[in-house]
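Reader: Hi! Could you walk me through this one while I have it open on my screen?
Author: Happy to, let's take a look together.

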Amino acid sequence: MGGAAGYLGSLMLTKKMALVGDALGHVALPGMGLALLWGFNVSAGAFVFLLAGIFLIWLLETKTELSTETLVGVIFVFSLALGFLITPRPDLIEALVGDITKISLTDAVIAVIFSLIVFFAVKRIYQRIILVSLSEDLAVANRINIKKMNLVYLLAIAAIVALGIKVVGSLLIGALVIVPAAASRNISQNMRQYVCWSIVLGIVSCVLGILLFKLTGFPAGPLTILAGVFFFIVSLIFKK
Amino acid sequence: MENILEIKNLSVSFNNEKVIDNLSFNLKEKENLVVIGPNGAGKSVLLKALLGIVPFQGEIKWKEGVKIGYVPQKFLPEKNIPLNIEEFFKFKKASDKKIKEALKRVGINDLSILKKKIGVISSGLLQRILIAWALIDGPDVLLFDEPFSGIDIEGEETIYNLLAQIEKDLNLTIVLITHDLSIVYKIADTVLCLNKKEICYGPPPEAITTESLSRLYKGGIRFHEHV
């Protein structure tokens, strides 16, 4: 999952959507709240709210002339406020920073399957999305359906946010996607290196976070992100 | 020669404002058309309509099976985007041989450029890369949007010579947008003066007159014909 998140993140950085993962993490909060309240799967609750959030942003985007960024901003604080009210107080910390001990074997297997789906979906659209980010005109002239690409892309982000949110929580999910990619960008000369490093650092951060959790007992979510940031700092030193 | 493109009553509007108003013309195979006009005259929009990027009314009919290469005006990759030139060509699933050929066409023989990041090369070089990129799948038509903008005079000369050479070697149909009148005489079989509507159309010596230019630029420019 860390790998898929890193991979997706590498795409989000090139599309200047670094903070969308963050914002969507917050959009998921009311869904997690409801799931915790009624005792069903947190990822499922998050995913439903993410889809609703994305749909709402898309709808407002076509109806108003505001930028996506502005709309994401509005929806994200709205969800955050709603999420705080819905989520039962004792579970709030779990929703915000994640709780890896609550993840069952079934959850883990599902997470792996969905991560693989996301991975291959992203792989299919990767080059085309990069071309869109370079020049939309050139992309359309080369018969790329931007709307379809963006839909697949947003769904992939929603899926990864929903999966990752259990481990690192709603506040930190953005970091899980962005930090490995940011570190890779510092040290990469081409796309192949960039993609490889993003995936590797995504995986290593997660593994390291979980190991540190076993050793220290601190929550795995923040530890995973800290591991990622550590690699980011190292990457600054090796910056080419 | 057969028509490669037929345009009938083409209009494009943005927010109820007409950007192109009732334009009709044909383009023959191997014909070079240069479109001139002031800023905001709808030149780029015309190209985008031809490519199907913007919605339009009227009729745009390309010859069946025609392959179109396009070099856009705005292409500004981020400086540190981790994408090298080779990977950029691989987007088109091009073989190494094809890439080499296309680069040679635009006067690049030093293949070490393939390993350079796309965001760090000069704008003149990037323009040539984009032309090679457009050429790589063997188009019948090349559409250029202001290929000389943002490049120094020397670079402009290079690009112009390249175009002339490519035109000669590959015998393509070229549609080119420019604000540089001197290009018109060098490359155009036909010139279209566009300011939302057609102001003049035809072979350059006939179409470009002081009268048509003053209508095109609303009297803001004077033009002395090259002898």
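**A strand and a core**

Author: Let's start with strand β7 (residues 173–177) of chain B: five of its five residues are buried, so this strand is largely enclosed by the rest of the structure. Keep in mind that this is a predicted model.

Reader: Thanks! Which residues of β7(B) are on one side, and which on the other?
Author: B:T173, B:V175 and B:I177 lie on one side, with B:I174 and B:L176 on the other, and all of them are buried. In a regular strand, side chains alternate between the two faces of the sheet.

Reader: And which strand does β7(B) join through five bridges?
Author: That is strand β6 (residues 141–145) of chain B, and the two run parallel. Within this pairing, B:F144 has B:L176 as its bridge partner. To get from β6(B) to β7(B), the chain passes through helix α5 (residues 153–170) of chain B, in a right-handed β-α-β crossover.

Reader: Nice. How many bridges join β3 of chain B to β7(B)?
Author: Four, with β3 (residues 32–36) also running parallel to β7(B). There, B:V34 stands opposite B:L176.

Reader: Switching topic: which residues have the most contacts inside the largest nonpolar core?
Author: Those are A:L8, A:A28, A:L50, A:I160 and A:V161, in a core of 134 residues. Helix α9 (residues 146–187) of chain A gives the largest share, 24 residues.

Reader: What does A:A28 touch, leaving out its neighbours in sequence?
Author: Not counting residues up to four places away in sequence, A:A28 touches A:A46, A:F49, A:L50, A:V161, A:A162, A:I165 and A:S170.

Definitions and conventions
Residues are numbered from 1 along each chain as its sequence is written. Chains are lettered from A and ligands numbered from 1 in the order in which they are written. This is a predicted model: local features need pLDDT of at least 70, side-chain atom pairs count only at pLDDT 80 or more; totals for chains, interfaces and linings use all residues. A nonpolar core is a set of buried Ala, Val, Leu, Ile, Met, Phe, Trp, Tyr and Cys residues joined through C-beta atoms within 7 Å. A residue is buried if 20 or more other C-beta atoms lie within 10 Å of its own, exposed if 12 or fewer, and partly exposed in between; C-beta atoms are placed from the backbone. Two residues are in contact if their C-beta atoms, placed from the backbone, lie within 7 Å. Two strands pair if DSSP finds at least two bridges between them. A crossover is right-handed if, with the strands pointing away from the viewer, the path from the first strand over the helix to the second runs clockwise.
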